[in-house]
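Here is a structure to look around in. Keep the sequence and the 3D view side by side as you read.

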Amino acid sequence: MTVTAHRPARLVPWGLALGGFVLIGVAFLVGWQLALVLAVWLALWAVNVGVAGTTAGTWAAPVLFGLTLLILWELTVRLFNVPGVILPAPTQIAVALAEHTNTLRADFVQTVLKGALGGWLIGSTAGIATALLVARSDFLRRGLLPVGNFVAALPIVGTAPILVMWFGFGWESKAAVVVVMVFFPVLVNTVAGLADTTSMQRDLMRTYGASAGQDLRYLRAPSALPFVFNGLKIATTLALIGAIVAEFFGSPTFGLGFRISTEVGRLNLPVVWAAIVVAAVTGSLWYGAIAMLEKRLTFWHPSQRGRR
């Protein structure tokens, strides 16, 4: 009975391998390039499956998956002679990163450290502070949140040019765009978190004679932390998008948005992709830093218990 029960599970890898060989054979009839790409993909996929079952699979499998995508990307571009103006190879993007390191560093400082990070800090702080006021007043909650939803629905391509005209072409206008984009998501999430308490918890605080400050410190603020971090994580991506898009409507002679729009006009796609890589890596690290801080401060929350 035991041998019979395990036999289908043992046959699954062999069945998948046979299906892969058949797929490669069919692709070879179309072209050897496609067959080679599929063969490499199947081989790397098999390695990834094997690595995922090891103790190091939690970090090695995602890394190997990313390398697999880069290898397949490189092979596809090289074997099928894809023009660089359509899709440059990863090696071409890496060369562009190396050759334009100083330029991209200046773009990073202008867009990320000044525009995105500055606006994110101002907008998030203002959103949390306003939420503390809104949570204490039903009048403000009923009046301000609908306005917030309306402003959050405004397209960035409509508000960015106006703010650039108001605040000039420097990083200040980009920070202003970011403030508008991140303020209301942080506000709405924080208000929802401050209200995420039960009537029994509130009655218990009143029974103990807790003041408004103690009620906020020991009950409402801890309950709101997961919601606040949710808003902050959403705001990180919005901040980068807002700062980059705002630079399309006017900026100095540097910035990631300026670099992308300028190099697209010159059909210099490797530099465009290099700027995109800088923005993507920055956004991922930024989001990850907020997620790590959230895990340390909200380890007690049920949403964090299954992630250890």
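## Helices side by side

In this predicted model, helices H5 and H8 cross in a right-handed way. H5 covers residues 101–134 and H8 covers residues 171–194, and the two pack at an angle of about 35°, with their axes 6 Å apart. Sort the residues of that contact by class and you get 18 nonpolar, 8 polar and 2 charged.

Now look at another pair, H11 and H12. H11 runs over residues 256–265 and H12 over residues 269–297; their packing angle is about 160°, and their axes lie 8 Å apart. That angle makes H11 roughly antiparallel to H12. Their crossing is left-handed. On the H11 side, the contact is made by Leu-256, Arg-259, Ile-260, Glu-263 and Val-264, while H12 brings in Val-271, Val-272, Ala-275, Ile-276, Val-278 and Ala-279. By class, the H11 and H12 contact has 9 nonpolar residues, no polar ones and 2 charged ones.

Here are the two pairs in one place:

| Helix pair | Packing angle | Axis distance |
|---|---|---|
| H5 and H8 | about 35° | 6 Å |
| H11 and H12 | about 160° | 8 Å |

## The whole chain

How many helices and how many strands does the protein chain have? The count comes to 13 helices and 0 strands.

The protein chain has 308 residues, and 35% of them are buried. Take the contacts between residues at least 6 apart in sequence: 69% of these join residues at least 24 apart.

What about confidence? The average pLDDT of the protein chain is 80, and 80% of the residues score at least 70. Residues 1–12 are another story: pLDDT stays under 50 there, and the model has 0 contacts beyond four places in sequence for this stretch. Where pLDDT is low, the predicted coordinates should not be read in detail.

Start with Asn-48, which sits in helix H2 (residues 32–52). Is Asn-48 buried or exposed? Asn-48 has a relative accessible area of 12%, so it counts as buried. Setting aside neighbours within four places in sequence, Asn-48 touches Ala-61, Leu-64 and Phe-65. Leu-64 is 16 residues away from Asn-48 in sequence, with 6.4 Å between their C-alpha atoms.

Next, find Pro-155 in the loop between helix H6 (138–152) and helix H7 (156–167). Pro-155 counts as partly exposed because its relative accessibility is 48%, and the cut-off for exposed is over 50%. Pro-155 and Met-181 are 26 residues apart in sequence, and their C-alpha atoms are 9.8 Å apart in space.

Asn-81 has a positive phi of about 55° although it is not a glycine. You'll find Asn-81 in the loop between helix H3 (57–79) and helix H4 (90–99). With a relative accessible area of 63%, Asn-81 is exposed.

Leu-267 isn't a glycine either, yet its phi is positive, at about 60°.

How values were computed:
Residues numbered from 1 in each chain as written. Predicted model: local features only at pLDDT ≥ 70, side-chain atom pairs only at ≥ 80, totals over all residues. Heavy atoms only, no water. Axes fitted to C-alpha atoms, helices over the stretch in contact; angles between N-to-C directions. Helix = DSSP H or I, 4+ residues; strand = E, 2+ residues; numbered from the N terminus. Parallel < 35°, antiparallel > 145°, perpendicular 65-115°, else oblique. Left-handed = near helix turned anticlockwise from the far one by under 90°. Contact = heavy atoms within 4.5 Å. Nonpolar A, V, L, I, M, F, W, Y, C, P; charged D, E, K, R; others polar. pLDDT = per-residue confidence, 0-100. Buried < 20%, exposed > 50% of the residue type's maximum accessible area, 1.4 Å probe, protein only.
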